[in-house]
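I opened this entry to keep track of what I looked up. The notes follow in the order in which I made them.

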Amino acid sequence: LSTRVSLTALLLLVCPAFALTCLAEEEAPSPVRERIELTGAEALQAAVTLAQRAMGEGEFEKSRELLEMVLEAPEFDLISLEHRTQARFLLGMTLQSLGEHREAVRVFRGILVDQPGLVRVRLELARALFHLEDDRAAEHHFRHALAGELPPEVQANVRGYLGAIRRRRPWDLDVNIGLVYDSNVNVAPSVREIEMYGLPFQLDDDARARTGHGVTGSVSTEYRFRHGEPFQLRLGGYVRHTEYRESQFNRSLLGGYAGPRFLFDAGSLGEADVSLLARGQRQWFGGSGYEWGWGGRLEAAFEPTRRLRLSAHLDHLWLDYDNRPGAEGTHTAVGLRPTFVLGPTRAVWLDVGLGRERAENEQLSFRTHRLGLGYRQDLPRGFTVALRPSYRHRRNDRAWPAFGTRRRDHTFEFRTDVLNRRLEVAGFTPVFTHRYQRADSTIDLYSFDQHVFEIGLTRRF
């Protein structure tokens, strides 16, 4: 579209009888058409009006042609933000009507990069993702749209979409890869001297904090077999591995689970999602076997309001260690996580957890308490930031004779995740993560500081 747009040409393309047409019919056998030309922003805004009229008449191909001409015009960036947003939104809606949902997703996401608070755009993005069966992303945007100011009938429609997603989504796959730098790869103290049996001992360099860098990656997948309402069967697995330059610090985890899932209406608690899973896992450190674990997990999630989601879990595992005599025993943990969606661009959550580990050697048995807070915000220019401060307390059951005291740890952690929604590499989104931990213990050997930096790519299918 050049700097001069012929309204006559556009009107003939879309609607010859449109009101803006300046056609003067004379009594002569052939009509005389008076041509009026508009330039710059006026022409673009007139073309958008024509495209909207074409959509109302079901002429979506014509609407698409007009709107693509508008968006490609050199003057497009000179018109007001309101009119630019309107043109892009109408193009997305046109593509939806033509069944080109993938292109519609690209358009709607482009709008939300700079204006993440537009509820209607987020709602249409969710619908397009739903048609593409990208259910996890669709669910995320439906929930955030639901936290906006929507009419009751629209809220009911959104709940219908969410119910359909919960019942139809058969599988999930998460992939994460990245580079990692760890300021304390062996989670060791920085002190040079500790006291054991009342005597001072010097720590050699291998027992003190060391830095490490390498690569990290994880894959998790789950498939759900349908067996009629409200029953499903979940089958999943996960693998995580971090490879450092010094291989003695490598870490690997392999696990899997299976069990029934029940979906039902829990009355005042809203829609309920309950699973009972059998699970097992295997850990390695430095390329050598470290731990076996097997047991069960109970998961439950409820949605009492359109903004609030409650999730909880109960784990019980039997543990067997390769080279830790007396550490064999059981691990039990319970956690509660209420998540409150504050609006289309913000969410906050609370993590509360209790843990109990019983070992054959009672000196190795302990209790843990955890309290964490999370906050996520979509920002203009495509940035999303998540902040996660947390606190953990550990208390051993008995004093250790070597140190003459009972071990008590206070661990503070602050995690920051930053990503940009406009960046994509083969479907992966770059993410920067920084995690800081500080542990203060009654036994100096377990006090440490740690910074972990990760630059990676993440994708959810």
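I began with Thr216, which lies in strand 8 (residues 212-226); helices (H or I, at least four residues) and strands (E, at least two) are DSSP runs, numbered from the N terminus. The model is predicted, and I took local features only at pLDDT of at least 70 and side-chain atom pairs only at pLDDT 80 or more, while totals for chains, interfaces and linings use all residues. Residues are numbered from 1 along each chain as its sequence is written, and side-chain values use heavy atoms, with hydrogens and water left out.

Is Thr216 buried or exposed? Thr216 counts as buried because its relative accessibility is 18%; buried means under 20% relative accessible area, exposed over 50%, and partly exposed in between (1.4 Å probe, protein chains only).

I then looked up the polar contacts of Thr216. Its side chain makes one with the side chain of Thr242 at 3.1 Å, and also reaches the backbone oxygen of His241 at 3.5 Å. A polar contact is a pair of N or O atoms within 3.5 Å; within protein, one must be able to donate a hydrogen and the other to accept it, and residues adjacent in sequence count only if both atoms are side-chain atoms. Not counting residues up to four places away in sequence, Thr216 touches, among others, Asn176, Val180 and Glu454 (contact means heavy atoms within 4.5 Å).

Next I checked helix 8 (residues 152-168). Its 17 residues should span 24 Å at 1.5 Å a residue, and the end C-alpha atoms are 24 Å apart, which agrees; the expected span is 1.5 Å times one less than the number of residues. The buried residues of helix 8 are Gln155, Val158, Leu162, Gly163, Ile165 and Arg166. They cover an arc of only 160° around the axis, so they are on the same side of helix 8; the arc is that of the directions from the helix axis to the C-beta atoms. These buried residues pack against helix 6 (119-131), helix 7 (135-146), strand 9 (231-244), strand 10 (251-265) and strand 11 (271-285).

Last, I followed some strand pairs; two strands pair if DSSP finds at least two bridges between them. Strand 17 (residues 383-400) and strand 18 (residues 405-420) run antiparallel, joined by 15 bridges. Ala399 stands opposite Arg406 in strand 18. In this hairpin, with four residues between the strands, Gly404 takes a positive phi near 70°. Strand 18 also pairs with strand 19 (residues 429-441), in the antiparallel sense, over 11 bridges. I noted Gln437 in strand 19 as the bridge partner of Glu413.
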